[in-house]
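Thanks for coming, everyone. Let me put the structure up, and then we'll walk through it.

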Amino acid sequence: MVIDSHCHLDPGYFQEGADAVIDRARAAGVEAFVVIGVGKDLAPARFAVELAARRADVHAAIGVHPHDAALADEAALAEIEALAARPEVVAVGEIGLDYHYMHSARDAQQGVFRDLIGLARRLGKPIVVHTREAAEDTLAILEREGAREVGGIIHCFSEDRAFAERALALDFDLSFSGIVTFRNARAIQEVAAWAPGDRILVETDSPYLAPIPFRGKRCEPAHLLHTARHVAALRGEPFEALAQRTAENTRRRLRIPA
Ligand SMILES: [Zn+2]
Ligand SMILES: [Zn+2]
């Protein structure tokens, strides 16, 4: 049994409904789901919290994705603060920086990132970080804003070992997505093989980044086993041990009772 530490199950992605998607994943051996509620408006955040309130195997994380930072006004941030305080919400995120697409300007991304690190610290909840082509700025902001006080997860880890070492020192765990199964992902695979066993998680980041053999198709939490098997092979560990340990790591980091 393994835990998907990061998935998006919004109705816009899965017309068949989150419960059907979760049922398929449970049949494949995924026992719990951290559902991320981020988007252009607050509908995904409300959706994630409602799903987590209704299902014991779902836990919510809500925040403002860096893509949407420019859209986050005072009212949106106030509602996020109220929702994030609820017990179903185990983390603030995903938040961070994405300089690849630049859907929001750097200033807006950095401002919202700092604001929501502050929110996580006020609430005493861990942070789920998204970073793409922004490694230095992401680490600098985490360091400067005192993110170490709450720690968290670098989701969809796609950096190198030097980044991983700094993130681990800031009390951030590393979560591996389907990217780790891609043939050209050598640097990420090296980190997955090397990272301390008590600091690694696995995720699908559905609906994106399906692992091999589903690459290019819609990703869903049932695909997590392929990613977990790949990480286990990279580390030379039995799959069952890797699955159990990453599940324990996720529960400990997000304070999810077994
Ligand atoms: Zn992300
Ligand atoms: Zn995500």
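Let's start at Glu79, which is partly exposed, with a relative accessible area of 26%. Buried here means under 20% relative accessible area, exposed means over 50%, and partly exposed is in between, with a 1.4 Å probe and protein chains only.

Housekeeping next. This is a predicted model, where local features need pLDDT of at least 70, side-chain atom pairs count only at pLDDT 80 or more, and totals for chains, interfaces and linings use all residues. Residues are numbered from 1 along each chain as its sequence is written, chains are lettered from A and ligands numbered from 1 in the order in which they are written, and side-chain values use heavy atoms, with hydrogens and water left out.

Back to Glu79. What does its side chain meet in a salt bridge? The partner is Arg46, at 2.7 Å, N to O. Glu79 sits in helix α3 (residues 74–84) and Arg46 in helix α2 (residues 43–54), so the pair ties together parts that are 33 residues apart in sequence. Helices are DSSP runs of H or I with at least four residues, strands are runs of E with at least two, and both are numbered from the N terminus. Arg46 is partly exposed too, at 37% relative accessible area.

The rule for a salt bridge: a side-chain nitrogen of Lys or Arg within 4 Å of a carboxyl oxygen of Asp or Glu. By that rule the count is 23 salt bridges. Some of them form a network, linking Asp19, Arg26, Arg54, Arg55 and Asp57.

Two further pairs. Arg166 and Glu136 meet in a salt bridge at 3.0 Å, N to O. Arg166 is in helix α6 (residues 161–169) and Glu136 in helix α5 (residues 135–144), so this pair ties together parts 30 residues apart in sequence. Arg166 is partly exposed, at 30%. Glu136 is exposed, at 51%.

Then Arg199 and Asp173, a salt bridge at 2.5 Å, N to O. Arg199 lies in the loop between α7 (186–194) and β8, and Asp173 lies in strand β7 (residues 172–176), so parts 26 residues apart in sequence are tied together. Arg199 counts as buried at 17% relative accessibility. Asp173 is buried at 2%.

Asp173 brings us to Arg253. That arginine is in helix α9 (residues 239–254) and is buried, with a relative accessible area of 12%. Its side chain makes a polar contact with the side chain of Asp173 at 2.8 Å. Another polar contact, of 2.9 Å, joins the side chains of Arg253 and Asp171. A polar contact is a pair of N or O atoms within 3.5 Å; within protein, one must be able to donate a hydrogen and the other to accept it, and residues adjacent in sequence count only if both atoms are side-chain atoms.

Now Glu203. It lies in the loop between β8 (200–202) and α8 (224–235). The side chain of Glu203 does reach the backbone nitrogen of Cys156, at 2.9 Å.

On to the largest pocket. It holds about 620 Å³ of space. Of its 22 lining residues, the closest to the centre are His65, His67, His130, Asp205 and Tyr208. The largest share of the lining, three residues, comes from β5. A pocket, on a 1 Å grid over the protein atoms alone, is an open set of points where a 1.4 Å probe fits, with protein on both sides within 12 Å along at least five of seven lines; lining residues have an atom within 4 Å of a point. Grid points are joined across faces, edges and corners, and the volume is the space filled by probe spheres set on them.

Last, the backbone. A cis peptide bond joins Gly93 and Glu94, with omega about 5°; Glu94 lies in strand β4. Ser206 to Pro207 is also cis, with omega near 15°. Pro207 is in the loop between β8 and α8.
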